[in-house]
Amino acid sequence: MEKGKEKKDLKETFRSFLVNLDVFLDANSVYQDAKIQVLFIQEPQEGLNELYARGLVKVDQFAFPMEISLDTQLETLRIDSQIFHFYIKLQDMVKFVEEHGSNV
């Protein structure tokens, strides 16, 4: 597969993950009684060897900024905010997108 096509496919998969980010966060949260809602997420941006997006997540009644970055060389995804940190492998992100549909 061409490198340009691989990058485009990866960006679309990352975008699909972002569309379903609230489902991922809710399913993996230790806050069982708190509602988790993604208030805003920007379109994926390209950096040097990474794709990233920034946004705002609401947990219960409080909102927190967050950053999601996909390291294309290490094939790892990182989700960071003041109240949670997730590190998952690219293959786990792809599996999640396949299970939850693209919705793009």
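Rings of Phe, Tyr and Trp (its six-membered ring) pair if their centres lie within 6.5 Å; planes under 30 degrees apart count as stacked, over 60 as edge-to-face and the rest as tilted. By that rule, ring pairs join F17, F24, F84, F86 and F96 of this protein into a cluster.

The model is predicted: local features need pLDDT of at least 70, side-chain atom pairs count only at pLDDT 80 or more, and totals for chains, interfaces and linings use all residues. Residues are numbered from 1 along each chain as its sequence is written, and side-chain values use heavy atoms, with hydrogens and water left out.

**Overall build**

The protein has 3 helices and 6 strands. Helices (H or I, at least four residues) and strands (E, at least two) are DSSP runs, numbered from the N terminus. Along the sequence their order is α-α-β-β-β-β-β-β-α. The radius of gyration is 13 Å, close to the 13 Å that the globule rule gives for 104 residues, so the protein is as compact as a globular protein of that length. That radius is taken over C-alpha atoms, and the globule rule is 2.2 Å times the number of residues to the power 0.38. The C-alpha trace spans about 45 × 25 × 20 Å along its principal axes.

Of the 104 residues, 36% count as buried. Buried means under 20% relative accessible area, exposed over 50%, and partly exposed in between (1.4 Å probe, protein chains only). The protein exposes about 6,800 Å², and carbon and sulfur atoms supply 47% of that area. Accessible areas come from the Shrake-Rupley method with a 1.4 Å probe; for residues, only the protein chains shown count as cover.

Contact means heavy atoms within 4.5 Å. Among contacts between residues at least 6 apart in sequence, 41% join residues at least 24 apart.

**The aromatic rings**

The whole structure holds 5 aromatic pairs. In one of them, the ring centres of F24 and F96 are 5.5 Å apart and the planes stand at 90 degrees, so the pair is edge-to-face. This pair links distant parts of the chain: F24 sits in helix α2 (residues 21-28), F96 in helix α3 (residues 90-100), and 72 residues separate them.

| Residue | Relative accessibility | Class |
|---|---|---|
| F24 | 7% | buried |
| F96 | 8% | buried |
| I41 | 24% | partly exposed |
| E75 | 45% | partly exposed |
| D60 | 49% | partly exposed |

I41 belongs to strand β1 (residues 36-41). Setting aside residues up to four places away in sequence, I41 touches L18, L21, A53, R54, G55, M66 and I68.

D60 and E75 lie in loops. D60 is in the loop between β3 (50-59) and β4 (62-71). Its phi is positive, about 60 degrees, although D60 is not a glycine. E75 is in the loop between β4 and β5 (76-81). Phi of E75 is near 55 degrees, again a positive value in a residue other than glycine.

Which residues does E75 contact, leaving aside neighbours within four places in sequence? They are K89 and L90. The C-alpha atoms of E75 and Q42, 33 residues apart along the chain, are separated by 21 Å.
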